[in-house]
Amino acid sequence: MASVSSRLPVFPWDKLEPYKATAAAHPDGIVDLSVGTPVDPVPVLIQRALVAAADSPGYPTVWGTAALRDALVGWVGRRLGAVGVADTNVLPVVGSKELVAWLPTQLGLGPGDRVAYPRLAYPTYEVGARLCGADPVVYDDPTELDPAGLKLLWLNSPSNPTGRVLARDELIRIVAWAREHGVLVFSDECYLELGWEAEPVSVLHPDVCGGRYEGVVAVHSLSKRSNLAGYRAAFIAGDADVLGELLRIRKHGGMMTPAPVQAATVAALGDDAHVTEQRARYAARRAALRSALETHGFRIEHSEASLYLWATRDEPCWETVAHLADLGILVAPGDFYGEAGERFVRVAFTATDERVEAAVKRLG
């Protein structure tokens with residue numbers, strides 16, 4: 001059996017440890033802007049829903065409760081503009097990273113199959129392909145790919161790491177191309193509610209998919225919008241045949257969202273006020289960090305959505321990481337996300353207001 005080290009790339013964040021130690025030695029402590037993990041409290045109404053469902057001694061179902069499916073269907077229609085969605089078009093998953101990593105395996109892909117994802121991308125798209133022995137393929141424009149053997153096409157809008165948003169016309173063109181060539185589209189839209197200078201559009205919007213979901217699935221998470229990274233609450237929506245097959249496979253694998261988390265998800269999707277409140281926090285932190293970085297000599301590219309600033313000083317990314325670590329600020333090097341990021345860093349604005357203020361002072 002092939003070892004993990006021969007099948008998978010090095011876990012990126014392990015390479016950041018020496019720079020983390022340097023940043024942590026700063027007299028005023030580290031400002032960790034390297035990961036997009038929420039730091040603000042879980043909204044009280046979600047905590048209450050979790051606690052109220054804590055007495056759940058039986059096994060939950062993989063497909064989720066009827067209340068959860070209703071909440072997913074309602075949110076997809078209300079927030080994404082999807083039409084004619086039924087409960088067969090939704091499926092809860094145990095966090096979106098689990099879904100991304102194991103999707104090619106669950107789809108039955110393997111050697112000879114190809115999985116495509118953006119040239120600058122979340123590393124787990126590549127990991128998912130390698131776990132099942134499929135060939136990972138990067139693209140700038142997916143419609144320029146050779147469709148031979150291409151079984152799965154990942155979109156990511158808004159993008160991690162760049163914050164780029166695919167325009168409606170781009171999505172229409174890509175979905176039409178994929179359908180023409182029989183390529184399954186999975187669109188990672190986990191940052192869709194965090195658009196700043198653009199309004200992200202889902203592949204499930206009728207303008208994009210024509211109001212039918214064949215060959216198209218969207219991936220959504222509550223980690224960012226509702227501060228629920230610790231709950232592992234996410235779902236997919238779209239092609240009923242694809243979701244039905246995944247449901248059967250996931251039943252065999254016991255991939256069940258815990259019952260209290262299902263209840264918490266219902267509460268979270270039924271409330272928009274906490275999302276608006278959290279957006280305001282992020283908007284303020286984003287504005288402060290962007291101004292400070294630009295004053296310090298950085299150029300910001302894309303970054304019109306998501307929880308990151310894609311920043312460069314026109315030097316190798318590890319030099320930038322080292323420079324900021326000396327200031328007690330830890331960021332992610334752009335080459336974590338592909339060779340095309342080798343002169344950029346990704347700066348998250350998911351630190352507390354106090355830590356963001358500290359970073360701004362140091363950059364000034």
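Biologist: At about what angle does helix α11 run to β10?
Modeller: Happy to start there, with a predicted model in which local features need pLDDT of at least 70 and side-chain atom pairs count only at 80 or more, while totals for chains, interfaces and linings use all residues. Residues are numbered from 1 along each chain as its sequence is written, and side-chain values use heavy atoms, without hydrogens or water. Helices (DSSP runs of H or I, at least four residues) and strands (E, at least two) are numbered from the N terminus, and axes are lines fitted to C-alpha atoms, for helices over the stretch in contact (heavy atoms within 4.5 Å), with angles from 0 to 180 degrees between N-to-C directions. Helix α11 (residues 273-295) lies across β9, β10 and β13, and its angle to β10 is about 5 degrees.

Biologist: Which strands stand at the edges of that sheet?
Modeller: The sheet is open and antiparallel, with the order β9-β10-β13-β12, where pairing needs at least two DSSP bridges. Two of its strands have a single partner each, so one side of each is left without a neighbour in the sheet. They are β9 (299-301) and β12 (332-333).

Biologist: Which residue in β8 does His220 stand opposite?
Modeller: Strand β7 (residues 216-221) pairs with β8 (residues 234-238) in the antiparallel sense, over 5 bridges. In β8, the residue facing His220 is Phe235.

Biologist: Which element gives the largest share of the lining of the largest pocket?
Modeller: On a 1 Å grid over the protein atoms alone, a pocket is an open set of points with protein on both sides within 12 Å along at least five of seven lines, a cavity is a set where a 1.4 Å probe fits but cannot get out, and lining residues have an atom within 4 Å of a point. The volume here, the space filled by probe spheres on points joined across faces, edges and corners, is about 1100 Å³. Of the 41 lining residues, the closest to the centre are Trp13, Lys97, Tyr122, Pro123 and Thr124. The largest share, 4 residues, comes from α6.

Biologist: And how many residues does α7 supply to the lining of the second largest pocket?
Modeller: That pocket holds about 390 Å³. Among its 21 lining residues, those closest to the centre are Pro118, Leu120, Tyr139, Asp140 and Arg164. Both β5 (150-156) and α7 (168-180) give two or more residues, and the share of α7 is the largest, at 3 residues.

Biologist: What is the volume of the largest cavity?
Modeller: The whole structure has 2 cavities of 30 Å³ or more. The largest is lined by 13 residues, with Cys190, Glu193, His220, Ser221 and Arg225 nearest its centre. Its volume is about 80 Å³.

Biologist: Which element gives the most to the lining of the second largest cavity?
Modeller: This cavity has a volume of about 40 Å³, and its lining includes Phe235. The elements giving two or more residues are α4 (66-80), β2, β8 and α10 (259-269). The one that gives the most, with 3 residues, is α10.
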